[in-house]
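Let's take a walk through this structure together, from its overall layout down to a few backbone details. Have the viewer open as you read.

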Amino acid sequence: MLTKLAGGRLFDPANGRHGEVADLWLRDGRIVGDPGPGATPDAVHDVTGKVVMAGAIDIHSHIAGGKVNLARLLMGEEHDRHRFAGSPCGCGGGSGIATPSTHTTGARYIEMGFTAAFEPAMLGSNARHAHLEMSDIPYIDTGGYLVLGNDDFLLDLIATNAGQAAVNDYVAWMLTATQSLAVKVVNPGGINAFKFNARKLDLDEVGPYYGVTPRSVLTVLARAVYELGLPHPLHVHGCNLGVPGNIATTLDTIQAASGLPMHMTHIQFHSYDTAGDRKFSSGAAALAEAVNRTPSLSVDIGQVMFGQTVTASADTMAQRHTAPLAHPRKWLAMDIECDAGCGVVPFRYRDSSYVNALQWAIGLELFLLLDDPWRVFLTTDHPNGAPFTFYPELIRLLMDRDYRLAKLAEIHPDAPAHTTLGSITREYTLAEIAIMTRAAPARILGLSDRGHLAPGASADVTVYSDLPDRRAMFERPDLVFKSGRLVVRDGTLVAMATGCTHVIRPGFDDLIERRIARHFDERIGLPIKHFRIGDAEIRHGAGPQLHPCRRREVP
Amino acid sequence: MSGMTLTFRGKAGTMVDMSAILPERLAGRTVETVAGLPLPCGGGQSTVGDMFDLSAGDAAEGLLIRPIGAVLQRVGAGMTSGRILVDGDVGGHAGAGMGGGQLRIEGDAGEALGGALPGLPLGMRGGLISVGGSAGDRVAERMRRGIIVVDGAVGAFAAGFMVAGTLAAGRGCGPHPGFGMRRGTLLLGRPQDTAPDNFADGGTRDWLFLHLLRRALQGTGSWVERAGTTRAHRFIGDVAEGGHGEILAMA
């Protein structure tokens with residue numbers, strides 16, 4: 001099958017194209033070069049004047065796994081109220097907005113031109129469930145980041161000074177066993193400390209049982225990720241999430257990386273200062289400055305948007321703090337196999353609330369103060385800041401200053417005084433949006449054939465009309481191709497497609513397996529062979545898409 | 001009843017969500033408009049007219065539902081006034097979140113009778129449910145006001161997380177009654193030998209409350225009216241939740 005997209009303006013920053021008019025050819029799931037004058041395409045789409053980009057990639061979106069499912073259960077009323085019929089193309093419909101069911105997740109993403117989304121918090125013991133759910137999400141590519149940093153085996157290795165090599169082997173073994181793409185750490189050491197009745201653990205505070213500080217967990221894991229050569233740097237959800245004044249901790253965390261590559265996630269929730277009468281203000285400027293001068297660092301924002309959502313996190317400590325603010329008034333927290341935690345708290349962000357309004361402003365401030373779109377990613381930390389369906393609105397806020405100022409005038413009247421948002425004139429360009437949502441995510445995850453439009457890349461392509469209302473533009477793409485197949489036309493699903501699951505497999509010394517097996521037998525009560533996830537369990541037997549371990553050297 | 005009658009005429013075993021079929025919503029509507037109302041069933045959408053034969057009458061006078069093999073979910077869920085009479089069995093969540101009115105089920109009821117709909121923090125908050133047969137698990141879950149009387153037995157976790165209100169089960173209950181109960185009464189029509197988990201023994205005596213309950217239920221034909229005694233064994237709990245609830249087992 002040969003498809004021609006004729007006359008579009010290509011936004012393909014990975015290959016240095018910023019709106020050049022050119023034809024694009026797709027053959028059998030791949031982008032190909034111009035086959036020459038003799039070629040007879042099976043389908044020709046005239047996209048003259050339209051914006052052509054690769055399919056968008058969301059690097060941080062909670063779409064599968066234990067806590068996502070618990071959030072669905074907790075938000076049962078949402079599934080009662082928002083049901084979607086299936087479409088003739090084979091999508092089964094489903095339900096939910098903030099906690100969409102699997103088919104709904106895939107449908108909402110592809111309708112906006114996203115062709116990949118990654119689950120950023122897959123616990124080892126929940127990995128099988130997460131993979132089964134990801135297999136059931138149609139249209140988009142997925143993958144999971146393995147959560148480490150509060151598991152007894154690792155903390156024990158650090159506490160007993162077992163050495164970096166043992167940690168590296170353990171991390172590599174866990175990544176392989178759970179079919180993961182990257183390593184994430186959530187409140188390093190803090191979730192473990194919570195179980196020993198600590199309700200707060202600062203970066204340099206010694207944890208109650210293992211006597212290990214979050215800083216040491218962080219550096220050991222960042223080094224392991226670096227030495228194993230994983231393309232994606234350590235994905236860090238730091239200490240003190242949501243606590244006013246946590247900007248100091250966040251700046252310390254950047255120091256703790258001491259030059260090792262690190263990705264700091266949902267930094268909006270980690271950028272709070274304590275100025276003003278309410279002891280809550282923006283620390284965005286200080287953080288943006290630190291990130292701008294540290295090229296080894298990348299961030300995603302975790303933008304807050306106003307409305308009802310639900311926060312689901314492995315960070316039991318932070319979730320227990322927010323529980324009294326739950327709306328509607330219900331929440332849950334649980335331990336997961338002693339390896340991590342889980343807290344789910346429904347939340348309604350209101351523009352009339354000083355704190356929520358400021359959170360919204362801080363996120364936008366960060367987006368606009370961070371200079372390098374290659375190192376900042378568009379996320380709402382779905383569903384924690386807002387459901388991912390708010391992305392088009394967020395893009396409009398970034399690209400349209402007048403609209404932004406109009407919205408700023410609507411929020412709590414005291415909030416604008418505590419942020420610099422009103423004075424920022426920057427507007428994102430289409431090229432920058434293409435970097436932030438396509439080229440950069442593919443690069444930072446090591447997905448060499450995604451996020452760009454050069455021959456050889458996967459034929460995941462989105463075509464937009466260049467509308468002045470950027471929200472309308474990004475909400476309803478004209479055409480979306482997944483692996484060369486046209487799946488969305490004018491914002492409506494027209495065909496079914498399945499994505500793949502991306503996985504990385506660093507090598508390790510087999511000796512570690514014996515040690516881990518003993519740990520499983522003695523402490524977990526589950527034989528190691530049942531923990532390991534086979535290739536046949538991924539994507540209904542299709543198996544994972546493997547990527548090479550190639551470290552991306554930071555300039 | 002001079003109200004409206006709905007007689008199921010679809011395939012036996014079809015699951016139907018009845019939460020939209022409430023007397024207060026149908027009151028004053030003609031048979032034709034009711035027949036055209038959408039009705040979720042069997043995982044898809046249908047209309048009331050496709051699934052039920054309707055008789056002329058005003059729903060304000062009461063609704064008579066004949067299930068004839070259908071699995072009717074959420075009958076009377078969220079009802080605030082009026083009367084529903086079901087001539088047969090119902091599925092789960094009958095009378096869930098009900099705020100007022102009367103729901104009478106001649107046959108058996110499924111789980112979460114007078115309980116909470118998924119995701120909602122409270123169950124039944126008013127009205128009267130009476131069941132001629134038995135009921136499933138989690139009856140009166142998170143209930144906060146009103147009366148549920150079941151002539152048969154109820155399943156596990158009866159009156160679980162109950163905030164207030166009364167559940168009376170003629171032929172006793174399954175395991176874990178009153179789990180997480182804060183206030184309210186679970187009345188059992190048969191003796192209970194041992195105190196349920198997390199309940200303290202409060203002794204056996206005559207309870208004035210049972211006179212009052214019997215009077216409140218006069219005319220329903222329920223087992224409470226027929227019970228010959230007001231003597232009951234009282235258990236107090238759930239002690240983990242403050243222990244203001246009670247389980248009364250008729251001696």
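Predicted model: local features only at pLDDT ≥ 70, side-chain atom pairs only at ≥ 80, totals over all residues.

Residues are numbered from 1 along each chain as its sequence is written, while chains are lettered from A and ligands numbered from 1 in the order in which they are written. The model scores ipTM 0.77 and pTM 0.91. Chain B has a mean pLDDT of 94, with 100% of its residues at 70 or more; pLDDT is the predictor's confidence in each residue, from 0 to 100.

Chain A has a domain 1 (2–54 + 449–493), a domain 2 (153–239 + 510–555), a domain 3 (258–304 + 351–437) and a domain 4 (307–349), with bounds that come from an automatic or database domain assignment. Between the C-alpha centres of domain 2 of chain A and domain 3 of chain A there are 30 Å. Their contact draws 12 residues from domain 2 of chain A and 11 residues from domain 3 of chain A, where two residues are in contact if their C-beta atoms, placed from the backbone, lie within 7 Å. On the domain 2 side, α8 (214–228) and β13 (234–237) of chain A are the elements that give two or more residues. Helices (H or I, at least four residues) and strands (E, at least two) are DSSP runs, numbered from the N terminus. β13(A) gives the most to this side, with four residues.

Now look inside chain A at the helices. Helix α5 (residues 152–159) of chain A packs on helix α6 (residues 164–178) of chain A at an angle of about 170°, with axes 10 Å apart. Axes are lines fitted to C-alpha atoms, for helices over the stretch in contact, and angles run from 0 to 180 degrees between N-to-C directions. α5(A) and α6(A) are therefore roughly antiparallel, a label for angles over 145 degrees, with under 35 counting as roughly parallel, 65 to 115 as roughly perpendicular and the rest as oblique. Here A:Phe153, A:Leu154 and A:Leu157 of α5(A) meet A:Ala166, A:Val167 and A:Tyr170 of α6(A).

How do α6(A) and helix α17 (residues 511–524) of chain A cross? Their axes come within 10 Å and cross at roughly 75°, which makes α6(A) roughly perpendicular to α17(A). A:Ala166, A:Asp169, A:Tyr170 and A:Trp173 of α6(A) make this contact with A:Ile512, A:Glu513 and A:Ile516 of α17(A).

Between the chains, the contact takes nine residues from chain A and five residues from chain B. On the chain A side, the largest share, four residues, comes from helix α2 (residues 76–81) of chain A.

Finally, some backbone details. The peptide bond from A:His327 to A:Pro328 is cis, with omega near -5°, and A:Pro328 sits in the loop between α11 (316–322) and β19 (332–336) of chain A. In chain B, the bond from B:Gly237 to B:Asp238 is also cis, with omega near -10°; B:Asp238 belongs to the loop between β15 (231–237) and β16 (245–250) of chain B. A:Asn187, although not a glycine, has a positive phi of about 40°, and its place is the loop between β12 (182–186) and α7 (190–195) of chain A.
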